Amino acid sequence: MEDAILDLIPYTAPALVTGLVAYYFFNDYLKSENRKQKIELIRDKKKEILPIRLQAYERMTLFMERINPSKLLVRVTPTDENKELYTQKLLLSIEQEFEHNLAQQIYISESCWNALIAAKNATRNLVMSSSNKAEVKSAQELRETILKTMVDSSAPSNTGIAFIKEEVKELF
């Protein structure tokens, strides 16, 4: 019996070595294929999500344009000369535009979203600070004050749009 086992060793040893080598190469091949599949899946996901992300940036650019004070004043006109009512109307329009685009934050970076919120808040503050000026007595004077401010400085929404443009450049 022992002689039979010893006689089998010369035949089984090469088979075991060949089996181990085949296992090693096959295992390495499978790992390589898995990596390739993961890379391909990531590439496919990027192809699918890129148009959605671009659409989100487009929508947020439109949001920034719509809350640009000079364009906001053209779109939202006063119904009477009451500056408080007009101020509320402007602020409501800004908030409605923002709420309409809340879901876009899923597709853009957190830093970009924060920059857009800061631009929105700066626009709100511009409207409120203009309304709080003692010399502003009517809705028409409020419009003029906001427009004069825009002549002297850049709209907060321009900063938001610049941020969006930089992020979109990074996508490509």
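Analyst: Happy to. A helix here is a DSSP run of H or I with at least four residues, a strand is a run of E with at least two, and both are numbered from the N terminus. E97 is found in such a run, helix α3. This is a predicted model, in which local features need pLDDT of at least 70 and side-chain atom pairs pLDDT 80 or more, while totals for chains, interfaces and linings use all residues. Residues are numbered from 1 along each chain as its sequence is written, and side-chain values use heavy atoms, with hydrogens and water left out.

User: Why is E97 called buried?

Analyst: Buried means under 20% relative accessible area, exposed means over 50%, and partly exposed is in between (1.4 Å probe, protein chains only). E97 has a relative accessible area of 13%, so E97 is buried.

User: Which residues does E97 touch?

Analyst: A contact needs heavy atoms within 4.5 Å. Not counting residues up to four places away in sequence, E97 touches F63, R66, I67 and R75.

User: What makes K120 count as buried?

Analyst: K120 has 7% relative accessibility, and therefore K120 counts as buried. Its place is in helix α4. Leaving out residues up to four places away in sequence, K120 touches F63, I67, I94, E95 and F98. P10 is another matter: K120 and P10 are 81 Å apart, C-alpha to C-alpha, and 110 residues apart in sequence.

User: How do you know that Q104 is buried?

Analyst: Q104 has a relative accessible area of 12%, so Q104 is buried. Q104 is found in the loop between α3 and α4. Leaving aside neighbours within four places in sequence, Q104 is in contact with A56, R59 and M60.

User: Now the aromatic rings. How many aromatic pairs are there?

Analyst: Rings of Phe, Tyr and Trp (its six-membered ring) pair if their centres lie within 6.5 Å; planes under 30 degrees apart count as stacked, over 60 as edge-to-face and the rest as tilted. By this rule the count comes to three aromatic pairs. One of them is Y24 with F25, at 5.5 Å centre to centre and 65° between the planes, an edge-to-face pair.

User: Are Y24 and F25 buried or exposed?

Analyst: Y24 has 54% relative accessibility, so Y24 counts as exposed. F25 is also exposed, because its relative accessible area is 52%.

User: What makes the pair of F63 and F98 tilted?

Analyst: The planes of F63 and F98 are 50° apart, which is the tilted class, and the centres are 5.9 Å apart. F63 lies in helix α1 (residues 2-66) and F98 in helix α3 (residues 83-100), so the pair ties together parts that are 35 residues apart in sequence. In space, the C-alpha atoms of F98 and F63 are 7.1 Å apart.

User: How do you know that F98 is buried?

Analyst: F98 is buried because its relative accessible area is 11%. F63 is buried too. F63, F98 and W113 form one aromatic cluster. Beyond residues up to four places away in sequence, F98 touches F63, W113, I117 and K120.

User: Which residues make the contact of α4 with α5?

Analyst: L126, V127, S130 and S131 of α4 meet L142, T145, I146, T149 and M150 of α5. By class, this contact has five nonpolar, four polar and no charged residues. Nonpolar covers Ala, Val, Leu, Ile, Met, Phe, Trp, Tyr, Cys and Pro; charged covers Asp, Glu, Lys and Arg; the others, Gly among them, are polar.

User: And what makes α4 roughly antiparallel to α6?

Analyst: The axes of α4 and α6 (residues 156-171) cross at roughly 170° and come within 8 Å. That angle makes α4 roughly antiparallel to α6. On the α4 side, the contact includes S111, C112 and A115, and on the α6 side P156, S157 and G160 are among the residues. The residues of this contact divide into eight nonpolar, four polar and one charged.

Terms used. Axes fitted to C-alpha atoms, helices over the stretch in contact; angles between N-to-C directions. Parallel < 35°, antiparallel > 145°, perpendicular 65-115°, else oblique.
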